[in-house]
Amino acid sequence: MNIRSRLSRLFRQKGGSRGAGSPDPDDPNLVVVVEAADETESASEVLARSPAWTPESPVVLRYRFAIGPTASRELSAPLEAEGWLLRTGTETEDAAPTAGQEPMTLIAQCVRLIDAVTCARENSRMVGLAQRHGANLLGWQALQPPSRSDRPRK
């Protein structure tokens, strides 16, 4: 683990990478407001069909990859160095298992403001990372806290 990765982790733990009002990636109440599984669909189209998305508020931007055991380390290193919060699992809906190996899911997430340009750039970068490291990009999501009208009344 390099110094940049350690600093990113420290800032995440202390809340330094998120400003006030930014969503917590571990908040179970976050809802998916934008979702794309087709890498050929433009980010502007994806955002345009997402009425629940609030453009002026930060989101938890989440990318899902289907990976093998060796791809996990290779793909994780550059993402961790950039401050992405990583999670792994074994549930992959769209991935075919390779001989003798169960595919895993790598989830990379960060908090930021998004727009069509940001999403297009990140999607292109993630597709390239996946291809270089033998992974498959399953899609991306943006999560935000539910709007006031979506919250249950107490």
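Select V60 first: in this predicted model, V60 is buried, with a relative accessible area of 0%. That value lies below the 20% limit under which a residue counts as buried. V60 belongs to strand β2. Display its contacts next, leaving out residues up to four places away in sequence: V60 touches P23, D24, P25, L30, Q109, C110, V111, Q141, A142 and L143.

Now extend the selection to the whole of β2, residues 59–67. How many of the residues of β2 are buried? The count is 9 of 9, and the strand is mostly covered. Colour the side chains by direction: V59, L61, Y63, F65 and I67 point one way, whereas V60, R62, R64 and A66 point the other way. In a regular strand, side chains alternate between the two faces of the sheet.

Next, show the partners of β2. Strand β4, residues 104–112, runs antiparallel to β2 and is joined to it by 9 bridges. For a pair to centre on, select Y63, which stands opposite A108 in β4. With β5, residues 136–144, β2 pairs in the antiparallel sense over 7 bridges. Here the pair to select is F65 and L137, the latter standing opposite F65 in β5.

Zoom out to the sheet. In what order do the strands lie? The 5 strands form an open sheet in the order β1-β5-β2-β4-β3, with antiparallel pairing. Strands β1 and β3 (85–89) stand at the edges; each has a single partner strand, so one side of each is left without a neighbour in the sheet. From one strand to the next, the twist averages 25°.

Turn next to the helices. Select α3, residues 69–81, which lies across β2, β3 and β4 and runs at about 155° to β2. Then select N123, found in helix α4. Is N123 buried or exposed? N123 is buried, with a relative accessible area of 11%. Leaving aside neighbours within four places in sequence, N123 is in contact with E39, Y63, L137 and W140.

The largest nonpolar core is the next selection. Among its 30 residues, F65, L79, W84 and W140 touch the most other members. The elements that give two or more residues to this core are β1, α2, β2, α3, β4, α4 and β5.

Finally, colour the chain by confidence. The protein chain averages a pLDDT of 81, and 74% of the residues score at least 70. Over residues 4–18, pLDDT stays under 50, and the model has 21 contacts beyond four places in sequence for them. Over residues 91–95, pLDDT also stays under 50, with 11 such contacts in the model. Where pLDDT is low, the predicted coordinates should not be read in detail.

Key
Residues are numbered from 1 along each chain as its sequence is written. This is a predicted model: local features need pLDDT of at least 70, side-chain atom pairs count only at pLDDT 80 or more; totals for chains, interfaces and linings use all residues. Side-chain values use heavy atoms; hydrogens and water are left out. A nonpolar core is a set of buried Ala, Val, Leu, Ile, Met, Phe, Trp, Tyr and Cys residues joined through side-chain atoms within 4.5 Å. Buried means under 20% relative accessible area, exposed over 50%, partly exposed in between (1.4 Å probe, protein chains only). Helices (H or I, at least four residues) and strands (E, at least two) are DSSP runs, numbered from the N terminus. Contact means heavy atoms within 4.5 Å. Two strands pair if DSSP finds at least two bridges between them. Axes are lines fitted to C-alpha atoms, for helices over the stretch in contact, and angles run from 0 to 180 degrees between N-to-C directions. pLDDT is the predictor's confidence in each residue, from 0 to 100.
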